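User: I would like to learn how to read a few features of a protein model. Please take them one at a time.

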Amino acid sequence: MLRLSGAELTIRLLENQGVTCIAGIPGGFNLPLYDALGRSGKIRHVLARHEQGAGFMAQGMARVSGRPGVLFATSGPGATNTLTALADARMDSVPLVCITGQVPQSMIGTDAFQEVDIYGMSIPATKHNFLVRSPEELPKVIAEAFSIAVSDRPGPVLVDIPRDVQVAAAGVDCLPEPGKASPMPEPDSAALSRAAELLNAAERPLLLIGGGTSSPQAAAAVLEFIEQQHIPAVMSLQGLGVVPHGHEMAVGMLGMHGARASNMLVEECDVLVVVGARLGDRATGRLDSFCPKSGLIHIDIDASEVGKLRMPQVGLTADATQALRLLMPLLQPRRRDCWLDRVADCKVTHGLRFDREDDILSPYGIIRHVADLLTDEAVIATDVGQHQMRVAQAYPMSRPRQWLTSGGLGTMGFGLPAAIGAALELRGGTAVCFTGDGSLLMNIQEMATAAETGANVKIILCNNNGLGLVQQQQDLFFDGRITCSAYTTRTDFVQIAKGFGLPAARLNTEKDPQRVLKEFLAKPGPCLIEVQVRAEDKVFPMVPPGAANSQMIEGSPL
Amino acid sequence: MNSSIKNALTMLRLSVNNHPGVMSHICGLFAGRAYNLEGILVTPEAGGATCRMWLVVKDDGRMDQIIKQVSKLHDVLDVRVGQAEPAVFSKLAGCLEH
């Protein structure tokens with residue numbers, strides 16, 4: 001029998017799960033865990049500068065690998081600082097295991113130093129959570145935490161471990177089987193037949209694919225499905241990259257800043273097959289005007305998503321890969337030429353066009369130039385704002401897990417730490433973080449982590465000296481009153497980046513910006529490249545909040 | 001309780017794990033999803049390893065979604081609808097008046 005402390009046992013269990021990297025910050029109430037981690041030798045630790053940063057680094061690792069990202073935080077403020085990253089992971093279905101230290105059980109409830117009820121606070125932000133009461137519980141709890149994080153619809157799990165549990169001795173006979181994903185539910189065969197019937201009768205079928213198809217297996221199934229059945233696909237924000245950019249059957253992103261073509265075709269289709277998308281309001285616009293004439297087939301691993309916002313004709317609680325693979329043989333292969341012609345025509349007439357794409361110093365131009373210099377291997381992360389929507393519109397995403405963005409929660413500050421996590425997971429591969437000045441300021445301290453780890457993160461900062469997307473809404477919907485959303489001082493990000501130890505350049509003042517961009521992207525390690533843009537340049541098209549997708553506002557003609 | 005409201009009430013019978021925090025998970029889910037809990041009664045079962053939980057909720061057409069959301073909770077082992085003995089709550093109301 002092994003005699004271990006609760007902390008040593010926890011680290012053994014994490015090793016047993018195959019964890020190789022943990023992001024986090026030590027503090028008084030997780031020091032035993034850190035002491036054990038320091039003696040592990042198998043797990044790398046990345047010292048973040050803020051627990052929210054650690055949470056997004058773990059997300060970056062999880063989003064590119066599909067395996068749970070792991071983060072450590074101490075009790076109290078350390079634990080509360082993880083909440084935004086946990087809530088973000090919950091909204092976008094990212095598997096995380098967050099292990100927090102807690103004050104000793106004898107002090108729980110006494111308002112002890114750095115005590116907070118993180119168990120209670122994290123209930124709505126996590127898929128599930130645990131408060132461990134004895135070291136003997138650890139094997140079961142850790143295995144369950146990993147299993148819950150990756151099973152069915154993935155999500156974040158928090159494990160709160162009081163300090164006395166960390167230091168207490170535990171006798172363990174052997175380590176348990178690592179927690180892994182539980183088997184997926186079998187799709188209902190009657191529902192599959194009804195879905196096939198609906199699709200076989202359809203004249204204008206369309207697929208809407210979301211983040212639930214972002215595993216390589218699901219993406220392969222989607223691709224096979226649309227190619228074999230000649231059914232075009234629109235994507236939600238999280239579905240980008242599942243079908244490679246430019247694919248004949250790919251229409252583009254739908255929703256608030258999507259392509260008008262996508263929103264029009266959703267309205268014109270007679271059957272919409274929603275796969276792994278939750279019909280969020282940014283994608284559907286006003287729900288009662290969303291594909292009003294079409295039949296709906298909704299495939300989702302989360303039973304509660306089926307019928308949550310829109311009752312489908314056929315609901316399938318199933319893994320996307322399996323559902324699509326079982327559906328294919330039930331369908332009569334046919335080309336609906338009339339519909340495909342309409343789709344092709346609509347893409348040409350109402351597809352996205354990007355302003356000043358050739359100009360490297362313009363908002364879309366910088367995206368184009370970065371994309372031209374990189375291969376599909378590069379991971380593309382964004383923060384939240386105008387730059388995010390432009391990257392979603394214009395970057396030629398070509399594979400699943402290439403694209404990391406905070407969709408559901410829309411968290412400014414996501415980009416830099418997520419890109420660091422991705423770069424570390426890729427062991428040197430390039431991770432680009434497109435960001436804005438507002439977003440970058442929210443987790444700018446992680447530049448120190450980037451410098452320390454040498455993570456191959458390229459920060460592309462589109463600096464408009466304000467909150468661009470807020471100003472856009474104020475300009476369009478609040479009579480142009482730009483209230484509290486423009487910064488009155490200019491921050492020198494190039495100097496700040498250099499202060500953190502990152503090479504940095506302001507492309508606007510470079511004689512040959514193309515050459516500088518190329519050099520910076522080619523050189524390993526972190527760097528910052530700034531482009532000055534104007535907050536007045538809006539992201540179009542746009543559906544006003546609360547309006548129907550058919551009411552898209554276009555920008556001025558190019 | 002007038003009859004029209006009474007008719008719109010539905011009982012949910014859950015079987016849940018019995019440890020601190022389970023009630024918070026369930027009540028938090030109802031509050032967070034903007035469903036109201038009209039009544040709640042919990043008694044231990046299976047020697048205290050699990051609890052039987054009776055929930056009274058207004059059936060305003062969202063019952064299917066409520067059940068799906070509750071079923072997703074890790075500590076919820078079983079959900080049944082309308083299996084309750086409505087008398088449970090009537091008797092309880094009598095006790096609470098004293």
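User: Let us begin with salt bridges. How many salt bridges are there over all chains?

Analyst: A salt bridge here is a side-chain nitrogen of Lys or Arg within 4 Å of a carboxyl oxygen of Asp or Glu. By this rule the count is 35 salt bridges over all chains. This is a predicted model, where local features need pLDDT of at least 70, side-chain atom pairs count only at pLDDT 80 or more, and totals for chains, interfaces and linings use all residues. Side-chain values use heavy atoms, with hydrogens and water left out; residues are numbered from 1 along each chain as its sequence is written, and chains are lettered from A in the order in which they are written.

User: Which parts does the pair Glu8(A) and Arg39(A) tie together?

Analyst: Helices (H or I, at least four residues) and strands (E, at least two) are DSSP runs, numbered from the N terminus. The side chains of Glu8(A) and Arg39(A) form a salt bridge at 3.2 Å, N to O. Glu8(A) sits in helix H1 (residues 6–16) of chain A, and Arg39(A) in the loop between helix H2 (31–38) and strand S3 (44–47) of chain A, so the pair ties together parts 31 residues apart in sequence.

User: Is Arg39(A) buried or exposed?

Analyst: Buried means under 20% relative accessible area, exposed over 50%, and partly exposed in between (1.4 Å probe, protein chains only). Arg39(A) is exposed, at 52%, while Glu8(A) is partly exposed, at 24%.

User: Where do Glu144(A) and Lys140(A) lie?

Analyst: Both belong to helix H7 (residues 138–150) of chain A, and they are 4 residues apart, about one turn of the helix. Glu144(A) is partly exposed at 22%, and Lys140(A) is exposed at 56%.

User: What about Glu519(A) and Arg515(A)?

Analyst: Their salt bridge is 2.6 Å, N to O. Both residues lie in helix H22 (residues 513–522) of chain A, 4 residues apart, about one turn of the helix. Glu519(A) is partly exposed at 41%, and Arg515(A) is partly exposed at 42%. Elsewhere, salt bridges that share partners join Arg153(A), Asp302(A), Glu305(A), Lys308(A) and Lys72(B) into one network.

User: How do I read two packed helices?

Analyst: Two packed helices are described by the angle between their axes and the distance between the axes. Axes are lines fitted to C-alpha atoms, for helices over the stretch in contact, and angles run from 0 to 180 degrees between N-to-C directions. In chain A, the axes of helix H11 (residues 260–268) and helix H14 (residues 337–350) come within 8 Å and cross at roughly 150°. H11(A) and H14(A) are therefore roughly antiparallel, a label for angles over 145 degrees.

User: Which residues of H11(A) and H14(A) make the contact?

Analyst: Contact means heavy atoms within 4.5 Å. H11(A) contributes Arg260(A), Ala261(A), Met264(A), Leu265(A) and Glu268(A), and H14(A) contributes Trp339(A), Arg342(A), Val343(A), Cys346(A), Lys347(A) and His350(A).

User: Which residues of helix H5 of chain A are buried?

Analyst: In H5(A) (residues 83–91), the buried residues are Leu83(A), Ala85(A), Leu86(A), Ala87(A), Asp88(A) and Ala89(A). Their cover includes helix H3 (51–65), helix H6 (118–122) and strand S7 (156–162) of chain A.

User: What pattern does chain B follow along the sequence?

Analyst: Chain B has 4 helices and 4 strands, in the pattern α-β-α-β-β-α-β-α. Buried residues make up 36% of its 98 residues.

Note on methods
Angles under 35 degrees count as roughly parallel, over 145 as roughly antiparallel, 65 to 115 as roughly perpendicular and the rest as oblique.
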